[in-house]
Amino acid sequence: QVQLVESGGGLVQAGGSLRLSCAASGSRFRIDNMGWYRQAPGKQRELVAHITSSGSTNYVDSVKDRFTISRDNAKNTVYLQMNSLKPEDTAVYSCNADVYYNGNNGPFRYWGQGTQVTVSS
């Protein structure tokens with residue numbers, strides 16, 4: 001069983017920056033795609049950014065040129081650098097990972113517990 005643990009959320013003023021981290025732990029696994037989602041109160045969860053095992057990325061239009069997703073495969077960790085934050089970025093941010101065990105058994109999708117990001121105006 002893989003566990004994803006997030007960190008880095010918090011309260012920041014508009015225009016500020018935060019960096020989220022999501023580290024995977026477990027045994028005999030490899031991670032394929034990873035992503036960050038967010039859910040604001042009263043809204044549906046949306047995909048914020050996605051990164052493949054080879055490093056290809058894509059972003060929701062509202063965060064392009066402000067957020068950067070990256071990963072460290074040696075550490076099984078994905079990051080989300082968030083710059084020029086806006087109040088509308090306020091949400092619970094969750095990471096996910098598509099995992100294979102013992103080679104090609106999978107994929108299985110796992111989720112982190114979520115971390116709150118609050119941007120004040």
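Start by selecting C22: is this residue buried or exposed? C22 has a relative accessible area of 0%, so it counts as buried (under 20%; over 50% would be exposed, and in between partly exposed, using a 1.4 Å probe and protein chains only).

Before you move on, a word about what you're looking at. This is a predicted model, where local features need pLDDT of at least 70 and side-chain atom pairs count only at pLDDT 80 or more, while totals for chains, interfaces and linings use all residues. Residues are numbered from 1 along each chain as its sequence is written, and side-chain values use heavy atoms, with hydrogens and water left out.

A disulfide (a pair of cysteine sulfur atoms within 2.5 Å) joins C22 and C95, with 1.9 Å from S to S. The pair ties together distant parts of the chain, 73 residues apart: C22 sits in strand β3 (residues 18-25) and C95 in strand β9 (residues 91-101). Strands here are DSSP runs (E, at least two residues), numbered from the N terminus. Searching the whole structure turns up 1 disulfide. Its S-S torsion is about 55 degrees, so the disulfide of C22 and C95 is right-handed.

Stay in strand β9 and click on D98. D98 is buried, at 10% relative accessibility. Now show R109: which side chain does it meet in a polar contact? That of D98, at 2.8 Å. A polar contact is a pair of N or O atoms within 3.5 Å; within protein, one must be able to donate a hydrogen and the other to accept it, and residues adjacent in sequence count only if both atoms are side-chain atoms.

Last stop: leaving aside residues up to four places away in sequence, D98 touches R30, I31, D32, N33, P107, F108 and R109, where contact means heavy atoms within 4.5 Å.

Terms used
Helices (H or I, at least four residues) and strands (E, at least two) are DSSP runs, numbered from the N terminus.
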